[in-house]
Amino acid sequence: GQMTPEQRAAFAQEANVRPEQAVTTEAARGITQDRRHDLSQRQRVAEMSAEEMRQALLTDELTGIGNRRGYDEVRGNFSMEGLLDLDAFKGINDAIGYEGGDAVLQTVAGALADVSPNAFRVGGDEFYVLGNADTEIRTVMDSVAERLKSARAEYTAPNGKTYVLNGVGFSYGIGKTKEEANAALKAHKQE
């Protein structure tokens with residue numbers, strides 16, 4: 001567990017370090033595990049082909065769909081974009097914790113990926129869908145909204161308490177540019 005200030009000072013003197021540099025065995029294990037994880041991650045990257053590395057750079061690690069870099073790379077191929085923003089996501093994170101919030105983001109990304117190959121998580125709780133017609137993107141958004149109405153996210157906190165979220169809401173805007181899509185999103189949130 002935790003060292004008392006006296007134990008830390010005695011350990012520091014014995015180890016010939018300043019007291020604030022003395023760490024517990026658990027902390028040292030954590031540092032070692034972080035280094036091992038980092039080393040194994042470096043090894044995986046070193047073994048990747050150029051295409052695998054490129055794909056990893058364009059994919060959001062949490063959700064498995066395209067990331068901002070991927071969005072930027074293909075945006076010019078489409079004439080329209082839709083911006084999706086989750087409703088009350090900060091409240092979700094506050095209520096069920098970040099791991100629960102991550103589960104919600106993964107659920108949204110999965111619903112988007114099921115209906116569009118051109119979905120991207122560009123940060124936080126913002127997602128873009130690219131297309132060539134307003135109706136194409138609206139169809140994707142309506143399909144995702146319908147699916148997420150009945151979505152159920154369950155998260156068990158470290159203290160053992162289980163939180164359940166029934167339904168995930170979002171607002172969206174569609175436009176020819178990010179600015180147009182964002183303005184439409186703001187108008188949708190006002191409704």
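Both faces of strand β1 are covered: M80, G82, L84 and L86 on one side and E81, L83 and D85 on the other are all buried, where buried means under 20% relative accessible area, exposed means over 50%, and partly exposed lies in between (1.4 Å probe, protein chains only). Seven of the seven residues of β1 are thus counted as buried. The model is predicted, and local features need pLDDT of at least 70, side-chain atom pairs count only at pLDDT 80 or more, and totals for chains, interfaces and linings use all residues. Residues are numbered from 1 along each chain as its sequence is written, and side-chain values use heavy atoms, with hydrogens and water left out.

Helices (H or I, at least four residues) and strands (E, at least two) are DSSP runs, numbered from the N terminus. Strands are paired if DSSP finds at least two bridges between them. β1 runs antiparallel to β3, to which six bridges join it, and L84 stands opposite F127 of β3. Six bridges also join β1 to β6, again in antiparallel orientation; here the bridge partner of L83 is G173.

With contact defined as heavy atoms within 4.5 Å, F170 touches L84, D85, L86, D87, M141, V144, A145, L148 and H188, not counting residues up to four places away in sequence.

Helix α5 bends by about 125 degrees at G97, the bend being the angle between axes fitted to the seven residues ending at a residue and the seven starting there. Its 27 residues have end C-alpha atoms only 22 Å apart, short of the 39 Å that a straight helix would reach at 1.5 Å a residue; the expected span is 1.5 Å times one less than the number of residues. Among the buried residues of α5 are I92, I96, V104 and L112.

N67 is placed in the loop between α3 (50-57) and α4 (68-74) and counts as buried because its relative accessibility is 13%. The side chain of N67 reaches the backbone nitrogen of R69 at 3.0 Å.

Terms used: Polar contact = N/O pair within 3.5 Å; in protein donor to acceptor, adjacent residues only side chain to side chain.
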